[in-house]
Amino acid sequence: MGVREIYGRSDYALIGELVEPHTRVLDLGCGEGLLLAWLKENKHVEARGVEMVSASVQKAIARGVSVYQGDLESALEDYPDKAFDYVILSQTLQETRHPLRVLRGMLRIGNQAIVAFPNFGHWSMRLNHLLTGRAPKTELFPHEWYDSPNIHFLTVHDFELLAQKEGWRIERRMYLSGHYQVTALPNLMAEVGVFMFSGA
Amino acid sequence: MITQAAIATFDNLELDCGITLAPVTCAYETYGTLNDDKSNAILVEHAFSGDAHAAGEGGWWSNMIGPGKGFDTNELFVICSNVLGGCRGTTGPGSINPATGCPWAMSFPAITISDMVRLQKKLIDHLGIARLLAVAGGSMGGMQALEWAVVYPEHVSAALPIATTTRHSAQQIAFNEVGRQAIMADPDWNEGNYYTGRPPARGLSVARMVGHITYMSDESMRQKFGRRVREGQNRFEVESYLHYRGSQFVDRFDANSYLYITRAMDSYDLTQRGALSTLFENIPTRFLVLSFTSDWLYPSYQSLEIVSALRSRNCDVAYCNLTSHYGHDAFLVEVDEQAELVRGFLASTLREARAIGTGHGRS
């Protein structure tokens, strides 16, 4: 099944579908605020973002999205409990220093958390590692090991296990390969996993 | 750009110190056109030494205000007034005390940032504007923008405090005190009674020189002057520059205003009225807070303090620490990125205000 795109991103389209209209949304690591601007325009949400890179923050604010320039891991601490309906972390979980702390923080300040992350279990990673014997470098993880922003590698299966351990309720799970949704063998076939979950 | 300069006179103004000034005049300028429902008005607040002439030829924020600029006068109606205690048309220590027929000089009552804002509120009421689209300002102007949001939250859709703080640090007070002492050490100051004689030009000029050092950064001074020597004068470029800025300042600024306004800045402390997070509770105003990387006079931690408190109450706040080597002056000179941010932020504020106005917005 093909998936729509928002600004060329299928994960944005999936997240866009998950978010109910007229809600409060926080996007952690929101970049130039494209997803938030789309949600504001199409879902009339109250949109907030956190982003580290000054140039991206400038673009987001110029776009009319209220973005705070700062480190997302410490930014989480300032917000009051359940300040948002959704807290989104798209393609950034693998870059955080303390992923579990981030995920727990998301559930503290939001009713629901939505994460999208590249699946380290995808067959291309496994094959690449097996055949080259080197740190995997694929289209999905294109960086050399020494200049990669990715510091934690997880698979969609890993995420399921963590959710189980933490007692989180996964309400939606969706898997992407290119612009297509994957239904069978997600840990092998999904390039990107998108999970919406809530706390225990 | 349609520009108007005017003076408004009010019967009286109650000051924080308990004294009532009567009457009070307020000099202001406007740029652009106020729309029919008076929903496009922006109040721009000048910094310590500014005046009502914000835009157009020689305006202190002319690069930010105008057609297509950060404050786009094609869309917006921009108002700027000289602050209370100033010397550029608004009542201050150089004005005539009606009781004596002489300049107030040092008998002028102590004024505060809140007093300045209360006078501005009278001006906005006088102009028939119920709700400002935004209040914006840098440095002391930023303090006033904060004050507006805290005291009149229902009358401001958005606040843009730039390169500012909720309270001066010891360092900021210290620099102001050096300026004040320079003025008062000048024999021409004469306890403030110089209006019929020679003004304390040397003292005021030294005060301004110190100010200018704090507005720049090590890097911007290195780039601008380095150790270059001015030909024939046997003097470093930086010395000539400071002398020039100092002497220029004397022609347009009143020494007693310097004393009163710096006191108002130093005594300002929003946190005295309660924890910031409590003051910002339920505030409906949107915020755009900006700081600059090389600003050591109003360092970004002071902006972050405001932003953290706003975020702790889940207020609508955008924050960016803009890269610049100009120091505190950046908000006046490093305008390209600032203008883009402000333009976009105001455009979205205007869109949302209109959506709410027409009933299409969220309840």
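**Contacts, core and local geometry in a predicted two-chain model**

The structure described here is a predicted model. Ile61(A) belongs to the largest nonpolar core, which has 162 residues. Ile61(A), Ile42(B), Val44(B), Val78(B), Ala134(B) and Ala159(B) are the residues with the most contacts inside this core. Domain 1 and domain 2 of chain B both give residues to the core, so it lies between them.

The contact between the chains involves 17 residues of chain A and 23 residues of chain B. Helix 3 and strand 3 (66-69) of chain A each supply at least two residues of the side of chain A that touches chain B. The largest share of that side, five residues, comes from helix 3 of chain A.

Helix 3 of chain A spans residues 54-62, and its buried residues are Val57(A), Gln58(A), Lys59(A), Ala60(A), Ile61(A) and Ala62(A). Ser56(A) also lies in helix 3 of chain A. With 19 C-beta neighbours inside 10 Å, Ser56(A) counts as partly exposed, because a residue is buried only if 20 or more other C-beta atoms lie within that distance. Just after helix 3 of chain A, Gly64(A) takes a positive phi of about 95°.

Elsewhere in chain A, strand 4 pairs with two other strands. Strand 1 (residues 24-28) of chain A pairs with strand 4 of chain A in the parallel sense, over four bridges. Within this pairing, Leu26(A) has Val87(A) as its bridge partner in strand 4 of chain A. Strand 5 (residues 110-118) of chain A also pairs with strand 4 of chain A in the parallel sense, here over six bridges. Val87(A) stands opposite Ala113(A) in strand 5 of chain A. Between strand 4 and strand 5 of chain A, the chain crosses through helix 5 (residues 99-109) of chain A, and this β-α-β crossover is right-handed. Of the seven residues of strand 4 (residues 84-90) of chain A, six are buried, so this strand is largely enclosed by the rest of the structure.

Chain B is divided into domain 1 (3-170 + 269-357) and domain 2 (171-266). The centres of domain 1 and domain 2 of chain B, taken over C-alpha atoms, are separated by 24 Å. In the contact between these domains, 31 residues of domain 1 of chain B meet 24 residues of domain 2 of chain B. Helix 1 and helix 2 of chain B are the elements that give two or more residues to the side of domain 1 that touches domain 2.

Helix 2 (residues 140-151) of chain B has twelve residues and reaches 16 Å from its first C-alpha to its last, close to the 16 Å expected at 1.5 Å a residue. This helix is mostly covered, with eleven of its twelve residues buried. Among the buried residues of helix 2 of chain B are Met140(B), Leu146(B), Trp148(B) and Val150(B). The buried residues of helix 2 of chain B pack against strand 5 (41-45), helix 1 (113-126), strand 11 (132-138), strand 12 (156-162), helix 7 (255-267) and helix 8 (276-279) of chain B.

Several features of backbone geometry in chain B remain to be described. Most residues other than glycine have a negative phi, and most peptide bonds are trans. Ser139(B), in the loop between strand 11 and helix 2 of chain B, has a positive phi near 60°. Ser139(B) is buried, with 27 other C-beta atoms within 10 Å. Asn314(B) likewise has a positive phi, of about 55°, although it is not a glycine. The loop that holds Asn314(B) runs between helix 9 (300-312) and strand 16 (317-322) of chain B. Asn314(B) is buried, with 20 other C-beta atoms within 10 Å. A cis peptide bond, with omega of about -10°, joins Ala22(B) and Pro23(B). Pro23(B) lies in the loop between strand 3 (20-21) and strand 4 (24-31) of chain B.

Definitions and conventions. Residues are numbered from 1 along each chain as its sequence is written. Chains are lettered from A and ligands numbered from 1 in the order in which they are written. This is a predicted model: local features need pLDDT of at least 70, side-chain atom pairs count only at pLDDT 80 or more; totals for chains, interfaces and linings use all residues. Two strands pair if DSSP finds at least two bridges between them. A crossover is right-handed if, with the strands pointing away from the viewer, the path from the first strand over the helix to the second runs clockwise. The expected span of a helix is 1.5 Å times one less than its number of residues. Two residues are in contact if their C-beta atoms, placed from the backbone, lie within 7 Å. A nonpolar core is a set of buried Ala, Val, Leu, Ile, Met, Phe, Trp, Tyr and Cys residues joined through C-beta atoms within 7 Å. Domain bounds come from an automatic or database domain assignment.
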